[in-house]
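Work through these exercises with the structure open beside you. Try each task before reading its solution.

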Amino acid sequence: MAIPERILMGPGPSTVPDRVRRAMAAPTIGHLDPRFIEILEETSGMLRELFGTENPLTFPVSATGMGGMECVVANLLEPGDQAIVCVNGLFGERMVDLMERYGVRVHRLDKEWGGVFSVEEIEAEVHRHPKAKALGIVHAETSTGAHQPLEGVARMLHEEGMLLIADVVTSLGGHEVKIDEWHVDAAYSATQKCLSCPPGLSPVTFSPAAVEVMERRKTRPVSWYFDVAMLREYYEGSSRRAYHHTPPVNLIYALREALAIILEEGLDARIARHAAAHRRLRAGLEEIGLDYLPEHSLHTLNCVRIPEGADDAGVRAAMLDSYGIEIGGGLGPLSGKVWRIGLMGHSATQANVDLVLAALVDCLE
Ligand SMILES: *Cc1c(COP(=O)(O)O)cnc(C)c1O
């Protein structure tokens, strides 16, 4: 089975370091084996460091990022509840769709794709819907590259007794994420973006207030697989770990290794590396006449407008064929209008930035 080596500079997955791939090849052991439980605890401990949280309930859901979103929604909201969702791109859209499927009455706060919300705009919406139980927002909107600040968002929500749900899929491990300092009640991420681990796990964290809301539920979550009351018996259990499902043991080895690599580099140094790569890429892209779509751009995802007359699919195919570089196209209303260049985790290097710029110039000709 010949799989080519690629330089992954799209919206995810990002390039997986050899150390992580080797960790996955270790012997599969039982999910109740004391050694595996240790590995699981080390993994959750390191996830807490990345999330910037003391939340005991922090673990990798056996699913991709969308599964993390579903786990949070399924457990914090009940049919008939109201929630506010900030929609400025595809992932906000998906949060609305998901909540509605769980019987939630959703109030949308819309913004043009690429924009971000001010605390004042969010507060005004909260005033309009004081009965809402939670507000969902995307910290790093991968479909547009917009970087939504989360500082100050929770204050007023908490005064109204609402929970803050944040999608940190494309920020965790690449941008500052401070769950406790920002008072986020539930957040989910994914392994294949800035953690540079293969796809398949979704790290989640729940605040004590979120846990209380789950414990006070009147109905059981519609989803059996994502029922945190049962998942906790395994992931949070101290001495006794109750079987719920068989977690992807080898993927958890990979995540443990990916997190160890991150903490060896140091979280601050890693965030600075992403910032430096972004500045270099931005300078290069603007020099060749490519403009950024969002005003507040992520470092980890660079969304630029496709120049007039350029062949979207043709350029991306040439980048892949001639250089082995993957970049992303646009989604939804941005399809054919933008390119999305990821600088995530292991992929966010000066060498990759210089290569992608040279390749783009060549393929645009
Ligand atoms: C990638 C992504 C997801 C979904 O993750 P999957 O692993 O593809 O299921 C959710 N939210 C954001 C912001 C993402 O970038």
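**Exercise 1.** Which helix holds Asp268, and is this residue buried or exposed?

*Solution.* 
Step 1. Find the place. In this predicted model, Asp268 sits in helix 10, which spans residues 267–287.
Step 2. Check the accessibility. Asp268 has a relative accessible area of 65%. Exposed means over 50%, so Asp268 is exposed.
Step 3. Look at the surroundings. Asp268 belongs to a patch of negative charge on the surface, together with Glu151, Glu176 and Glu181.

**Exercise 2.** Where is His129, and is His129 buried or exposed?

*Solution.* 
Step 1. Locate the residue. His129 is in the loop between helix 5 (119–128) and strand 5 (134–138).
Step 2. Apply the cut-off. The relative accessibility of His129 is 18%. Buried means under 20%, so His129 counts as buried.
Step 3. Find a partner. The side chains of His129 and His107 are joined by a polar contact of 3.4 Å.

**Exercise 3.** Which residue forms a salt bridge with Lys133, and which parts does the pair tie together?

*Solution.* 
Step 1. Side chains of opposite charge can pair when their charged atoms come close.
Step 2. Name the partner. Lys133 forms a salt bridge with Asp81. Their closest N and O atoms are 2.8 Å apart.
Step 3. Lys133 lies in the loop between helix 5 and strand 5, and Asp81 in the loop between helix 3 (65–76) and strand 3 (82–87), so the pair ties together parts that are 52 residues apart in sequence.
Step 4. Check the accessibility. Lys133 and Asp81 are both buried.

**Exercise 4.** How far apart are the closest N and O atoms of Asp110 and Arg108, and how accessible is each residue?

*Solution.* 
Step 1. Read the distance. Asp110 and Arg108 form a salt bridge, with the closest N and O atoms 2.8 Å apart.
Step 2. Compare with the cut-offs. Partly exposed lies between buried, under 20%, and exposed, over 50%. Asp110, at 44%, is partly exposed. Arg108, at 35%, is partly exposed too.

Terms used. Residues are numbered from 1 along each chain as its sequence is written. This is a predicted model: local features need pLDDT of at least 70, side-chain atom pairs count only at pLDDT 80 or more; totals for chains, interfaces and linings use all residues. Side-chain values use heavy atoms; hydrogens and water are left out. Patches are made of residues with over 30% relative accessible area and no salt bridge: like charges are joined within 9 Å, nonpolar side chains (Val, Leu, Ile, Met, Phe, Trp, Tyr) within 5 Å. Accessible areas come from the Shrake-Rupley method with a 1.4 Å probe; for residues, only the protein chains shown count as cover. A salt bridge is a side-chain nitrogen of Lys or Arg within 4 Å of a carboxyl oxygen of Asp or Glu. Lys and Arg count as positive and Asp and Glu as negative; His and the chain ends are not counted. The place of a charge is taken as NZ of Lys, CZ of Arg, CG of Asp or CD of Glu. Helices (H or I, at least four residues) and strands (E, at least two) are DSSP runs, numbered from the N terminus. Buried means under 20% relative accessible area, exposed over 50%, partly exposed in between (1.4 Å probe, protein chains only). A polar contact is a pair of N or O atoms within 3.5 Å; within protein, one must be able to donate a hydrogen and the other to accept it, and residues adjacent in sequence count only if both atoms are side-chain atoms.
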